[in-house]
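Okay, thanks for letting me go next. Let me put the structure up, and then we'll walk through a few parts of it together.

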Amino acid sequence: MVQKSSAIVRFIGKREEDAQQLSWLLSNTAHPHFSLEHINDLQEFLNKGSSREGDVILLDVTQDAECQFEMMTVLHQKMTNSPIVVLTGDDEEIGREAIRRGAQDYLVKAQLTTDSMSRSLHNAVQRHEIHRRDAQAAPLLDSATAVLNRLPIGVILVTADSKILFFNGKAKSYLEKADGLVVGPDRICRATLPGENKALSKLLSETLSPSTENKSEAEFAISLTRMENDSPLNIMVAPIGTGVAGKGAVLFVSDPAEPVELSVESICGLYGLTPAEGRLALGLTNGHTLDDLAVKWGVSMHTVRSQLRQVFRKTDTSRQSEVVKLILTGPAALQASSVL
């Protein structure tokens, strides 16, 4: 966040001597520099609609706090760009109540110093900006979640230590059944059988390891036994995330008894694949191995691997899990539905 070099503090209060004291204290601030504007007539001020991003409202609540809190509500509605700090008497509980009602901070009149005011006002500007950005991002996050919930396959995002960050609606239905794949109170993603859980943990660890360059794609997929269902849950894992956000993994969870019906024509059109290559990409998306597909189609493994190399080349990928991730996060998946 870029720190502003100056900002106007609009003091809303009746006492001129308070405004003079505040102005003197603020005159000694260095960076950012705050200047004071005394507002006697709140209604006239609101009618002007005078507010700049980063300016601060300093509201005096030393008298008739409840009435001033009502005023604070009006200020929130009329001046969305301005953080609000309240000035209290010696009752800090009033300040805490102001924060509960939406103020960014409070100052105790008897404890005012230049440093405490500067720090409080600066922090208020930063908190307000963060809250505003969160509010602006919320609709985008809701839209992204809605898209992931439309996917016909389970998607689970986990941290490097297997803690779940997000799961879509389809993954939720698998996790709630706690058959094959479960999540505990610690938010750790686990397989229900101990042996398979150990294999899943190893799989997640190796997916994020720098030494995975020469591993075969089969080592990044696993089938988890379900006690109440004849078919297993197929899991394909792909790494995601870099930099300061840290690394994690995405688990694509599918039920081979509920294959996903995507349009092969759409996949081919989007990625420039031949019908055979599109059929292969769809087969991988449904959790099938190359061996399964070769047997199902009555072709040699050489043919299937040759088609896979073309899929990699045309989609700029190098692993089966990357192909699956590409298709499931692309336009073709949004129109998909379960065959059964």
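So, Glu-277: leaving aside anything up to four places away in sequence, this residue touches Gln-307, Gln-310, Val-311 and Lys-314. Keep in mind that what you're looking at is a predicted model. Glu-277 is part of helix α9, which covers residues 275–285. Is Glu-277 buried or exposed? The cut-off for buried is under 20% relative accessible area, and Glu-277 comes in at 7%, so we call Glu-277 buried.

Let's stay with α9 for a moment. This helix packs against α10, residues 290–297, with the two axes 10 Å apart and an angle of about 130° between them. Because of that angle, α9 counts as oblique to α10. The crossing is right-handed, by the way. Which residues make the contact? From α9 we have Arg-279, Leu-280, Gly-283 and Leu-284, and from α10 we have Leu-290, Leu-293 and Trp-297. If you sort the residues of that contact by type, you get five nonpolar, one polar and one charged.

Now jump over to strand β4, residues 84–88. Here five of the five residues are buried. And both faces are covered: Ile-84, Val-86 and Thr-88 sit on one side, Val-85 and Leu-87 on the other, and they're all buried. What about a neighbour for β4? Strand β3, residues 56–60, runs parallel to β4, and four bridges join the two.

Next up, the open sheet. Five strands build it, in the order β7-β6-β12-β11-β10, and the pairing is antiparallel. Which strands are at the edges? Those are β7 and β10, and each of them pairs on one side only. From one strand to the next, the twist averages 25°.

Zoom in on the β7 end. Strand β6, residues 154–159, and strand β7, residues 164–167, run antiparallel and are joined by three bridges. Two pairs you can find there: Val-158 stands opposite Ile-164, and Ile-156 stands opposite Phe-167. Together β6 and β7 form a hairpin with four residues between them, and in that turn Ser-162 has a positive phi of about 75°.

Helices sit on this sheet too. Helix α7, residues 194–207, lies across β6, β10, β11 and β12, running at about 160° to β10. Then there's helix α12, residues 320–328, which packs on the sheet by touching β11 and β12, and its direction makes about 90° with that of β11.

Arg-187 has a phi near 65°. You'll find Arg-187 in the loop between β8 and β9, and with 42% relative accessibility Arg-187 is classed as partly exposed. Asp-316 also has a positive phi, near 55°, and sits in the loop between α11 and α12. How accessible is Asp-316, buried or exposed? The relative accessible area is 73%, so Asp-316 is exposed.

Technical notes: Residues numbered from 1 in each chain as written. Predicted model: local features only at pLDDT ≥ 70, side-chain atom pairs only at ≥ 80, totals over all residues. Heavy atoms only, no water. Buried < 20%, exposed > 50% of the residue type's maximum accessible area, 1.4 Å probe, protein only. Contact = heavy atoms within 4.5 Å. Axes fitted to C-alpha atoms, helices over the stretch in contact; angles between N-to-C directions. Parallel < 35°, antiparallel > 145°, perpendicular 65-115°, else oblique. Left-handed = near helix turned anticlockwise from the far one by under 90°. Nonpolar A, V, L, I, M, F, W, Y, C, P; charged D, E, K, R; others polar. Pairing = 2+ DSSP bridges.
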